[in-house]
Amino acid sequence: HGFTYSGHPVTAAVAAEAIRIYREIDLVNQARCLGEYLHAALAEALGDHTLVGEVRGRGFIAGIQIVEDRAARRAFAPELRIGTDVERRCREHGVMIRNMGDVLAICPPYVITPKEIDAMVDGIRAALDETAAAHARTGQSA
């Protein structure tokens, strides 16, 4: 069985053209190189942050583990909603991330530039700094 758009000549032509363009601009290699750049930038900027237990990922997907205790990699109590706080602060800095509780997921577009990666990482670092300071003022561990 099929759907109205399944195998339609127009959508098939658009898909074929998209694949041609991806090959023309060497999107796969570009994404590989920028993924390496992304992970290096995240590790350098966030590797020593008090709220970061681990930065992990592969290719253009990264996760930032938020922790209360770096040495033990102990997560914050869920009711503190630290991930939600960091996500909100990231948006205030123009960075869209996905909050998954104690892990922040990053999935930038393949057309991102190194300069934009740097701005994104700076925004995440600022959001983490602000969150740590806010929670330190309220007497909660951070």
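Just after α3, Gly94 takes a positive phi of about 80 degrees; helices (H or I, at least four residues) and strands (E, at least two) are DSSP runs, numbered from the N terminus. This is a predicted model, in which local features need pLDDT of at least 70, side-chain atom pairs count only at pLDDT 80 or more, and totals for chains, interfaces and linings use all residues. Residues are numbered from 1 along each chain as its sequence is written, and side-chain values use heavy atoms, leaving out hydrogens and water.

**Exercise 1.** Find which residues of helix α3 are buried and what they pack against.

Step 1: Buried means under 20% relative accessible area, exposed over 50%, and partly exposed in between (1.4 Å probe, protein chains only).
Step 2: In α3 (residues 82-92), the buried residues are Ile82, Gly83, Asp85, Val86, Glu87, Arg89 and Cys90.
Step 3: Their packing partners are β2 (61-66), β3 (98-99), β4 (103-106) and α4 (114-137), with contact meaning heavy atoms within 4.5 Å.

**Exercise 2.** Decide whether Ile25 is buried, partly exposed or exposed, and locate it.

Step 1: Ile25 sits in the loop between α1 (9-24) and α2.
Step 2: Ile25 counts as partly exposed because its relative accessibility is 41%.
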